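Me: I am new to this structure and would like to go through it in questions. Please set each value against its definition.

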2 protein chains.
Amino acid sequence: MKLNEISSRTSEWFGGSGPLADVVVSSRVRLARNLAGFQFLSRCSSPQKTQILEKLKAAVMSLDLGDEVFYIGIDKAAVLDKDVLVERHLISRQHAHAKGPRGVVIANGEFFTAMINEEDHLRMQVFKAGLQLRECWEQISKIDDMIEQKIDYAFHPRYGYLTACPTNVGTGIRVSVMLHLPALRMTGQIEKFFAAAKSMNLAVRGLFGEGTEAVGDFYQLSNQVTLGVSEVEIVDEFTDSTIPKIVEYENLARDQLLVKQPEMLDDKTSRAIGLLKNARLISSQEALFLLSHLRMGVNMKRITGVSIPVINELFMLTQPAHLQLNSGKRLEPAGRDRLRAEIIRSRLNQN
Amino acid sequence: MKLNEISSRTSEWFGGSGPLADVVVSSRVRLARNLAGFQFLSRCSSPQKTQILEKLKAAVMSLDLGDEVFYIGIDKAAVLDKDVLVERHLISRQHAHAKGPRGVVIANGEFFTAMINEEDHLRMQVFKAGLQLRECWEQISKIDDMIEQKIDYAFHPRYGYLTACPTNVGTGIRVSVMLHLPALRMTGQIEKFFAAAKSMNLAVRGLFGEGTEAVGDFYQLSNQVTLGVSEVEIVDEFTDSTIPKIVEYENLARDQLLVKQPEMLDDKTSRAIGLLKNARLISSQEALFLLSHLRMGVNMKRITGVSIPVINELFMLTQPAHLQLNSGKRLEPAGRDRLRAEIIRSRLNQN
């Protein structure tokens with residue numbers, strides 16, 4: 001498996017299926033782990049980092065993670081390859097831009113990824129489409145146990161798993177869902193969502209994680225507390241209470257639009273498809289914005305003839321690094337805008 | 001002929017044909033005249049105005065102006081009817097909103113209109129499609145001569161025709177053309193056009209005359225000097241020099257776009273048609289803007305399957321009063337935006 005083979009298709013967890021998929025794009029559970037007997041990375045020399053990398057790579061690669069598993073040495077990877085991995089949420093921006101020996105293990109279908117020598121020695125993630133946090137947790141927990149049979153994690157009987165940043169100490173878990181909330185924004189209620197998230201001590205981030213703005217009405221919601229509460233409690237709280245409540249608010253807002261402003265709603269979704277099918281130059285920001293409206297229109301059954309998997313595919317394939325890797329060459333922004341518009345146009349006019 | 005019969009079609013002079021029609025939408029020659037033996041209107045009593053109206057109406061209606069000629073008493077007309085006449089350039093906004101006995105004579109096809117008791121006792125206009133100022137002048141001059149056989153105009157051997165406003169004294173002529181200059185604006189050269197017009201002592205106005213902004217890249221260009229220069233000189237100057245020069249500049253700008261920014265050009269015109277064919281709510285400003293881009297795209301042969309007459313028809317039929325008169329009822333702005341989008345969508349999707 002090569003990177004340009006995966007870069008031409010959509011990640012499985014971004015395919016548009018799964019429970020509550022109209023609103024919950026995907027679920028993710030991440031665990032932060034560190035090896036016993038090694039210092040945290042900020043205090044490691046390069047040879048020590050190499051040692052950690054070798055040890056963890058061997059442990060993770062020896063697991064049964066499906067038909068194909070591949071490893072990429074991030075310190076030696078080309079910029080464009082790293083950017084594609086970031087756009088696919090397989091590595092963090094920090095991991096792409098860091099220095100020193102580091103890598104990532106990726107399972108086929110991209111349901112699993114393990115960054116080695118990011119902020120912690122090991123950061124593993126399991127992704128699934130729709131609201132499937134329990135399934136993510138069960139799977140990553142099994143993988144975690146299998147790894148623990150091979151190596152020793154830094155673990156404190158009182159504090160739990162030790163991590164480079166104190167915010168991750170304890171369970172080392174981060175539970176997050178990517179939400180599509182166009183109607184809450186359109187009806188002016190998105191601030192309420194932010195306020196509610198804050199009051200529940202949850203973090204809200206944009207499509208590409210920490211520090212990026214929410215574009216195209218996509219929001220990543222994740223826990224911030226990892227100490228003094230079990231993994232199962234966090235997953236249950238998200239699955240049974242937090243996320244269903246937000247989904248309900250979004251669906252109420254969609255119903256409001258249908259009842260009170262159907263014309264405004266249809267205007268926005270129809271304009272989106274009109275522009276996507278006709279524009280010759282589209283920036284990535286505008287593409288996200290328009291595809292978001294289109295996604296809502298299809299999910300609300302106001303637009304027919306376009307499928308959610310096609311829309312999600314376009315979200316992914318029209319991102320800057322994907323465009324360039326798939327076209328086989330570096331492109332200036334104007335060239336990317338042209339190619340992006342071309343891909344969207346031809347894909348949507350096929351339908 | 002009733003107003004709602006003419007309001008459902010395009011004026012002949014706005015049909016998109018005629019010399020240099022890609023850039024010159026239409027030509028118009030207007031004459032301002034006053035009756036001898038009567039004071040200017042600002043000093044007239046209502047009975048005197050009625051006398052003037054009767055006299056001029058009889059004179060104009062007795063002429064041979066084609067198959068059908070109709071008269072509308074503006075002082076008794078409904079607001080919506082008056083607004084439709086303004087939108088069709090058949091009467092001025094001032095004539096619509098004035099007080100006292102006044103009216104308009106309109107010939108079939110709308111090539112000729114005569115406002116009685118506007119600013120002057122009589123203001124006649126002849127319209128033609130494309131650059132046809134000489135033809136406009138010949139026709140209005142003949143009509144003027146025929147009227148002069150029936151009544152006496154206020155005429156001074158030294159100053160010429162006397163008019164209520166000194167700017168019209170002399171020939172009483174106003175020669176004007178409606179220009180479509182999208183490429184000059186798109187290439188950032190429209191200010192040069194304004195400066196050139198100013199230096200030639202010409203007035204530039206928007207689509208609806210005095211005091212309105214140019215929207216949709218349409219500009220009315222007209223002479224300001226009426227004294228000390230003959231009608232033929234003014235018409236010749238416009239026809240042989242001024243207008244061909246501006247047409248050349250616009251065409252150069254279009255060529256520039258084709259050579260240097262073909263993608264930007266196609267993006268703008270494709271977006272315009274994408275929005276026009278899909279939007280569910282369109283304001284009149286946005287409609288003018290998008291139809292202007294579409295008109296340019298068709299004239300430059302970058303868009304096929306839409307004809308200029310259809311586009312011009314849409315410019316006219318989607319104006320607020322037209323929308324309401326043709327739908328048979330008063331509409332709030334939101335209702336107009338909906339109906340406007342519906343008309344545009346169904347007309348363009350027929351093609």
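Me: What makes strand 5 (residues 122-129) of chain B largely enclosed by the rest of the structure?

Reply: This is a predicted model, in which local features need pLDDT of at least 70 and side-chain atom pairs count only at pLDDT 80 or more, while totals for chains, interfaces and linings use all residues. Residues are numbered from 1 along each chain as its sequence is written, chains are lettered from A and ligands numbered from 1 in the order in which they are written, and side-chain values use heavy atoms, with hydrogens and water left out. Buried means under 20% relative accessible area, exposed over 50%, and partly exposed in between (1.4 Å probe, protein chains only). Eight of the eight residues of strand 5 of chain B are buried, so the strand is largely enclosed. Strands (E, at least two residues) and helices (H or I, at least four) are DSSP runs, numbered from the N terminus.

Me: Which residues show that both faces of strand 5 of chain B are covered?

Reply: Leu122(B), Met124(B), Val126(B) and Lys128(B) are buried on one side, and Arg123(B), Gln125(B), Phe127(B) and Ala129(B) on the other. In a regular strand the side chains alternate between the two faces of the sheet.

Me: How do you know that strand 1 (residues 24-33) of chain B pairs with strand 5 of chain B?

Reply: Two strands pair if DSSP finds at least two bridges between them. Strand 1 and strand 5 of chain B have eight bridges and run antiparallel, with Arg30(B) opposite Gln125(B). Five bridges join strand 4 (residues 112-116) of chain B to strand 5, also in the antiparallel sense, and Ile116(B) has Leu122(B) as its bridge partner.

Me: Why are helix 11 and helix 13 of chain A called roughly antiparallel?

Reply: Axes are lines fitted to C-alpha atoms, for helices over the stretch in contact, and angles run from 0 to 180 degrees between N-to-C directions. Angles under 35 degrees count as roughly parallel, over 145 as roughly antiparallel, 65 to 115 as roughly perpendicular and the rest as oblique. The axes of helix 11 (residues 308-317) and helix 13 (residues 333-350) of chain A cross at roughly 170 degrees and come within 11 Å. The two helices are therefore roughly antiparallel.
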